[in-house]
Amino acid sequence: MEEYLQTKGRIFDIQRYSIHDGTGIRTIVFLKGCVLRCRWCCNPESQEYQIQTMFVQGKPKVIGEDVTVGEVMETVLKDRPYYRRTGGGLTLSGGESLCQPAFARDLLRAAQESGISTAMESMGYAEYQVIEEILPYLDQYLLDIKHMDPDKHKEFTGKGNQRMLENAGKIAASGQTELSIRIPVIPGFNDTEQEIRDIARFAKEIGHVRRIHLLPYHRLGQDKYAGLGRTYLMGDVEPPENAKMELLLQAAKKESQLECQIGG
């Protein structure tokens with residue numbers, strides 16, 4: 001058995017038959033651990049690396065499992081026929097996959113060497129050397145850009161955005177992977193036309209960006225906060241209306257001259 005198949009990591013879910021987070025039908029592996037604390041995070045159980053207990057419908061559930069690359073691949077390989085038919089494959093999500101760089105790298109490598117397309121949803125918050133080691137095994141990089149203002153970014157996520165923006169430019173310049181920019185559209189944070197245009201302009205300027213995704217805020221993860229004994233910081237904020245999302249979509253298209261879409 002190849003040594004990299006024994007690399008261990010910590011996950012909290014594997015979602016099969018997904019049509020999001022990359023092209024085609026995908027298997028999404030959710031890794032534990034994140035450096036950000038976004039107020040709107042729909043996976044708060046991903047933020048802490050340690051194994052936790054979360055109450056789900058009043059019953060305790062253990063969140064987090066230590067697995068090897070080989071063990072995860074046993075699940076991923078089950079749906080190879082669907083990947084072939086639809087252009088799908090494996091997607092890493094979280095959390096922030098770069099918090100477990102060796103596991104992320106080796107899992108992507110195992111998928112590629114099995115002829116399976118790879119994608120990673122990530123904020124790009126790591127030393128670029130970490131990203132550089134992963135890029136050869138990555139077909140699609142789904143990179144979150146949340147805001148261009150470093151102070152506002154830090155206020156709402158706990159971290160500034162300088163490293164992420166620098167890495168976005170380096171990833172684009174490398175030309176090693178198909179790069180998409182994903183913007184979570186959060187009311188009160190980045191849902192003005194100007195804020196979306198600023199990100200769209202950045203995407204155009206760094207070059208080699210395939211498309212921009214606008215991801216409307218939703219409240220689907222709200223109950224998880226109560227299950228973890230935490231307060232949901234978004235309060236009664238409502239998701240943006242369809243008309244608002246369409247307005248922002250047109251602003252992104254006009255500014256970037258790139259393929260833009262809502263969702264995905």
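**Rings, charges and a histidine**

Let us begin with Y17, which is partly exposed at a relative accessible area of 46%; the term covers the range between buried, under 20%, and exposed, over 50%, with a 1.4 Å probe and protein chains only. This is a predicted model, where local features need pLDDT of at least 70 and side-chain atom pairs count only at pLDDT 80 or more, while totals for chains, interfaces and linings use all residues. Residues are numbered from 1 along each chain as its sequence is written, and side-chain values use heavy atoms, leaving out hydrogens and water.

A pair of aromatic rings is described by the distance of the centres and the angle of the planes. Here, rings of Phe, Tyr and Trp (its six-membered ring) pair if their centres lie within 6.5 Å; planes under 30 degrees apart are stacked, over 60 edge-to-face, and the rest tilted. Across the whole structure, a search finds 5 aromatic pairs. One of them is the tilted pair of F12 and F30, at 5.5 Å centre to centre with 50° between the planes. This pair links distant parts of the chain, from F12 in strand β1 (residues 8-18) to F30 in strand β2 (residues 26-31), 18 residues apart. Helices (H or I, at least four residues) and strands (E, at least two) are DSSP runs, numbered from the N terminus. F12 is buried, with a relative accessible area of 15%, and F30 also counts as buried, at 8%.

Now back to Y17: its ring and that of Y82 have centres 5.7 Å apart and planes at 85°, so this pair is edge-to-face. Y17 in strand β1 and Y82 in helix α2 (residues 80-86) are 65 residues apart, and their pair too links distant parts of the chain. Y82 is partly exposed, with a relative accessible area of 33%.

R10 lies over the face of Y49, 4.3 Å from the ring centre, and the charged end of R163 sits over the ring of Y125, 5.1 Å from its centre.

Finally, W40, F156 and F189 form one aromatic cluster. F189 is also among the residues touched by H147, along with K152 and H153; contact means heavy atoms within 4.5 Å. H147 lies in the loop between β8 (140-144) and α5 (150-157), and is buried, with a relative accessible area of 7%.

Note on methods: A charge sits over a ring if NZ of Lys or CZ of Arg is within 6 Å of the ring centre and within 35 degrees of the ring normal. Lists of a residue's contacts leave out its neighbours within four places in sequence.
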